[in-house]
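Please keep the sequence and the structure in view while reading.

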Amino acid sequence: MNDTRPTTDYVMLGRQLSALLDTRDWVTNTSQMAAFIFQQVPDLNWAGFYLQRESRVLRLGPFQGQPACNPIGFEEGVCGAAARTGETQRVEDVHAFPGHIACDAASRSELVIPLIKEGRVWGVLDLDSPLPGRFAVEDQQGIEALCQILIEQSDLPDLSG
Ligand code: SME
């Protein structure tokens, strides 16, 4: 564990995000959320969404940061692992993760949360940091709670049809 990691008030961020997502439109809400997280969560170099727009393939969605890799299969990278398993991937050192896809050489740690709607992976939220070990369990729980707000306050149609 790295004691120098910043702490973030995710309860407050949740209230702010809930107010910000004042439409049920998924394009608007994912765009707003990517920008909100990128601004409010310290020490990120990328924040955004990959969406399952065809079966077992993630396509780049709204994001903040450098242009990114696209597409990402379910068998590829940290994002694919989150989509394939349906479980959050909290990676302290991306260089130690087999198959990690380096979109930005500056990235050192990563948090990827699957967005699951009615048992189906709709997409993932991906956060990258230039700091090793940036994401603590508390960050994972806080960002997962923000993802639940997105899921509850948005219409997330099946995009893979
Ligand atoms: N590092 C990710 C790819 C996406 S970028 O970080 C924006 C991965 O390994 O899936």
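A residue is called buried when its relative accessible area is under 20%, exposed when that area is over 50%, and partly exposed in between, with a 1.4 Å probe and protein chains only. Helices (H or I, at least four residues) and strands (E, at least two) are DSSP runs, numbered from the N terminus. The model is a predicted one, in which local features need pLDDT of at least 70 and side-chain atom pairs count only at pLDDT 80 or more, while totals for chains, interfaces and linings use all residues. Residues are numbered from 1 along each chain as its sequence is written, and side-chain values use heavy atoms, with hydrogens and water left out.

Is Gln89 buried or exposed? Its relative accessibility is 15%, and therefore Gln89 counts as buried.

Rolling a probe the size of a water molecule over the atoms shows where empty space is left. On a 1 Å grid over the protein atoms alone, a cavity is a set of points where a 1.4 Å probe fits but cannot get out, and lining residues have an atom within 4 Å of a point. Grid points are joined across faces, edges and corners, and a volume is the space filled by probe spheres set on the points. How many cavities of 30 Å³ or more does a search of the whole structure find? The search finds 1, and about 120 Å³ of space lies in the largest cavity. Its lining comprises 16 residues, of which Ile101, Cys103, Glu110, Asp126 and Asp128 are the closest to the centre. Two or more lining residues come from each of β1 (46-54), α3 (77-85) and β6 (120-129). The helix α3 gives the most, with 3 residues. By residue class, the lining divides into 9 nonpolar, 3 polar and 4 charged residues. Here Ala, Val, Leu, Ile, Met, Phe, Trp, Tyr, Cys and Pro count as nonpolar, Asp, Glu, Lys and Arg as charged, and the others, Gly among them, as polar.

Charged side chains also pair with one another. A salt bridge is a side-chain nitrogen of Lys or Arg within 4 Å of a carboxyl oxygen of Asp or Glu, and the structure holds 6 of them. In one of these, the side chains of Arg24 and Asp155 meet at 2.9 Å, N to O. Arg24 lies in the loop between α1 (10-20) and α2 (26-40) and Asp155 in the segment after α4 (137-153), so this pair ties together parts that are 131 residues apart in sequence. Arg24 is partly exposed at 41% relative accessibility, as is Asp155 at 42%.

Ser154 also belongs to the segment after α4. With a relative accessible area of 1%, Ser154 is buried. A polar contact of 2.9 Å links its side chain to that of Asn29, and Ser154 touches both Arg24 and Asn29 when residues up to four places away in sequence are not counted.

Arg59 and Glu54 meet at 2.5 Å, N to O; Arg59 is partly exposed at 29%, and Glu54 at 34%. Arg90 and Glu92 meet at 2.9 Å, N to O.

Definitions and conventions:
1 Å grid on protein atoms, 1.4 Å probe; cavity = no way out; pocket = protein on both sides within 12 Å on 5 of 7 lines; lining within 4 Å. Polar contact = N/O pair within 3.5 Å; in protein donor to acceptor, adjacent residues only side chain to side chain. Contact = heavy atoms within 4.5 Å.
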